[in-house]
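Please look through the sequence and the model below, and then follow the briefing, which moves from strands to helices.

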Amino acid sequence: MTTAPHPTAAPVEIAPLEALLGDPGDPDNPLGFSALLAADERGDLLATGERALDAYGLGAEFVPADLGGRLTRADELARVLRPLFRRDIALGLGHGASNLVGSVNVWAAGRPDQRRWLADVLLRNGRIAAAYTDMSTGNDVTRTGFRADVRGAELVLNGRKEIINNIARAEAVTVLARTSDAPGSRSHSLVLMDSATAPRDRLRHLPRYRTSGVRAMYLGGLEFRDCPLPLDTVAGGLGEAMETVLRAFQVTRAVLPGAAVATLDQQLRTVLDFAAERRLYRRTVTELPHARTVLTGAFLDLLAADCLATTVCRALHLQPEQTSVYAAAVKYLVPLLMRDSVDALAVVLGARSFLREGPHAIFQKHLRDLPVASLVHAGGTVCLATIIPQLPRLARRAWLSDDAPAPAELFRLDGPLPDLDFGRLAVTAGRQDPLTAALVTAEAELRTEPVLGPLLGRFTDELRELRRQCAELAPRDRTPLAGPVSFELAERYAVLLAAAACVGVWRHNFDHAGAFLRDPAWLTGALGRLVGRLRRAPVPGADAGHADVFHELTDRHQRREGFDLVGSRLA
């Protein structure tokens, strides 16, 4: 496709948190990989790292602006957290994700006084623990081990949970508890507990759990034994927790994978360092066809993951009625893209991918941490189960219809956004699907392009087949208890959303991005890999631009720029 020339955007400046944490490869940096790996071996979060984050005021990033914090945009929050996840997933989860997961439900449903109190905790660098899931039931929050009974002016809690991040260090705890035996979605309530005022003789902290990945996370348990709390500790009304969770967790499902793409960035950077120095057969490893293909593929997967996560983060502001399915797709597909890419990169790194010392040791730490991180808060199966019941309705009313495609603002990387409004988020998707509509529109406009046209044709053909199969699902297979076929349909839908996000970012950032993002080389490469995930026939020429993509990768590496969409400078 030919386009008019556009000026190249100025390089994005180094982010404040990136500058504060410094060059992670510097062995003398007290916040670098050497110090982080040593702390990981001890099973502790890096104390100097936590102090640095407190000095930065990281807690303010999770507090809405109207409460004195810096949270206005989901896409910016994901980017703010990337320097943290690039260095240490455990620190990112323990000092970042836990506070976000524990606070969003209060921002969505809490009373003004509860919101002010929790904001004050975070602005004072306090910590929040989120007691939602159990070890025995995984991410099924409906099967909580906590029970809360109303007795006069008190709420009396009983039960135990064994896996809660930061529970022993948290000033505030958000607790999901069953408050009714009645079936349905009105049987659970959200409790906001002040750890300092809770009766100490009625609760017990359980021993810390050690894990093979994210060793430094402080995972412990909590047991309530007839523990009375004031009735006004309920955030939102009694029985309203599940609706609140389904709305508010859309934010975390989009933001946290968007932040975690920085982990793949570092894995790719580590293998590039090795491949550029290591020589085999009188050539560097980067010159070997297999290694170059793996490195290029990981870069393309990172860009596709960032396209999907960033687009959905922006959708939280612009298309909140749709993000129940979009955010679930992000939380499922982005970790999968990252894990598959890291597994391929480990083959290039070889035996060094297991080393716990030396210049490449951070690779094995991220390799261990990523699978655990992908389960935090919501695993892939739970996210697909969120999508499945909504597919038949979308297939019947939205797909391949005359609905308007997503607006250009949804994809503009530097475009303005209204403040994040938790009240606008819907429990289920509406009757439209602007992302798939954007994919159909792009295919109609670009079908004469020799490579992009057939690529987009693969996706619209997939959408037609998906619509047919969703319409034929049996009633049971339209529920979270569905069989494997329904889960496969949900996975294919997530891939289509990723393709739509990639096309949208490419089409609507010609005036707002560097020359590389305007080049169709990365787009055809990323779409070609997504076509492979759908197990459809490859499109000839989809990999024709891989040499240009690899050149961009190595140029960014030399310039110390990020491999994500914005390519910000690194310390």
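Over how many bridges do strand 6 and strand 7 pair? Strand 6 (residues 203–209) and strand 7 are joined in the antiparallel sense over 5 bridges, where two strands pair if DSSP finds at least two bridges between them. This is a predicted model, in which local features need pLDDT of at least 70 and side-chain atom pairs count only at pLDDT 80 or more, while totals for chains, interfaces and linings use all residues. Residues are numbered from 1 along each chain as its sequence is written, and side-chain values use heavy atoms, with hydrogens and water left out.

**Strands**
- Helices (H or I, at least four residues) and strands (E, at least two) are DSSP runs, numbered from the N terminus.

**Helices 7 and 8**
- Helix 7 (residues 241–277) packs against helix 8 (residues 289–318) at an angle of about 160 degrees, with the axes 9 Å apart, the axes being lines fitted to C-alpha atoms over the stretch in contact and the angles running from 0 to 180 degrees between N-to-C directions.
- Helix 7 is therefore roughly antiparallel to helix 8, a label for angles over 145 degrees, with those under 35 counted as roughly parallel, 65 to 115 as roughly perpendicular and the rest as oblique.

**Helix 2**
- Helix 2 (residues 33–42) has Phe33, Ala35, Leu36, Leu37, Ala39 and Asp40 as its buried residues, where buried means under 20% relative accessible area, exposed over 50% and partly exposed in between (1.4 Å probe, protein chains only).
- Just after helix 2, Gly43 has a positive phi of about 80 degrees.
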